[in-house]
Amino acid sequence: TAAEFVEGTAAALPLPDGSVDVVRCERVFQHLDDPAAATAEIARVLRPGGRVCLIDSDWYTAILHPGDPAVVAALAELMRATTANPGSGRLLRGLLVRAGFVVDDQAATAVIWDAETATPLVGQMVATGRAAGVITADQAEELTAAVAHGVATGDYHLSVTMFAVLAHRP
């Protein structure tokens, strides 16, 4: 059967009950105001015996090095405050169990960004922090320089823990 693309929302999928064999949802729950509604909707459309794999980040585990710890903490707090569900990764198992799923497996891994990705991500974080007024221009410049030096010398780290939960509908 050919794939078909349809538009909908996480809480209102335009699909009949029990019509889906597999659901894979990655890095979506962190953006949802009501992850329980989305999980219930997955349960509705998934056929009995169907499988779901949810994958998402836990932004409370983000690590950035080097940099002034107070500046890094201010940027991390801003990011968490502006993300609808920043701890979504750690909640996936419970959401699935409460929606009636049986958990088959779960895993966690740190996503570690390479220098080519880390540099623009840090730049975006710094710009957002400056625009929100949580860091000063001097702090932004110092953090940007510290990360650039870390990248140049191989002494940098930017990561977040990702969680994956595989379950089935009984």
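Predicted model: local features only at pLDDT ≥ 70, side-chain atom pairs only at ≥ 80, totals over all residues.
Q: How do you know how much of the protein chain counts as buried?
A: Buried means under 20% relative accessible area. By that cut-off, 35% of the 170 residues count as buried.

Q: Why is D138 called exposed?
A: Exposed calls for over 50% relative accessible area. D138 has 55%, so the residue is exposed. You will find D138 in helix α5, residues 137-153.

Q: What makes the patch on the surface one of negative charge?
A: Asp and Glu count as negative, and the patch gathers D68, D138, E141 and E142. Like charges in a patch are joined within 9 Å.

Q: Which residues of helix α1 are buried, and what do they pack against?
A: In α1, residues 35-45, the buried ones are P35, A38, T39, E41, I42, A43 and V45. They pack against β1 (20-26), β2 (46-65) and α3 (88-98). As a handy reminder, an α-helix has 3.6 residues a turn, so residues three or four places apart point the same way.

Q: How do you know in what order the elements run?
A: Helices and strands are numbered from the N terminus, and read that way the elements run β-α-β-α-α-β-α-α-β. That order holds five helices and four strands.

Definitions and conventions
Residues numbered from 1 in each chain as written. Heavy atoms only, no water. Buried < 20%, exposed > 50% of the residue type's maximum accessible area, 1.4 Å probe, protein only. Helix = DSSP H or I, 4+ residues; strand = E, 2+ residues; numbered from the N terminus. Contact = heavy atoms within 4.5 Å. Patch = residues over 30% accessible without salt bridge, like charges linked within 9 Å, V, L, I, M, F, W, Y side chains within 5 Å. Areas by Shrake-Rupley, 256 points an atom, 1.4 Å probe, with all protein chains shown as cover. Salt bridge = Lys/Arg side-chain N within 4 Å of Asp/Glu carboxyl O. Charge placed at Lys NZ, Arg CZ, Asp CG, Glu CD.
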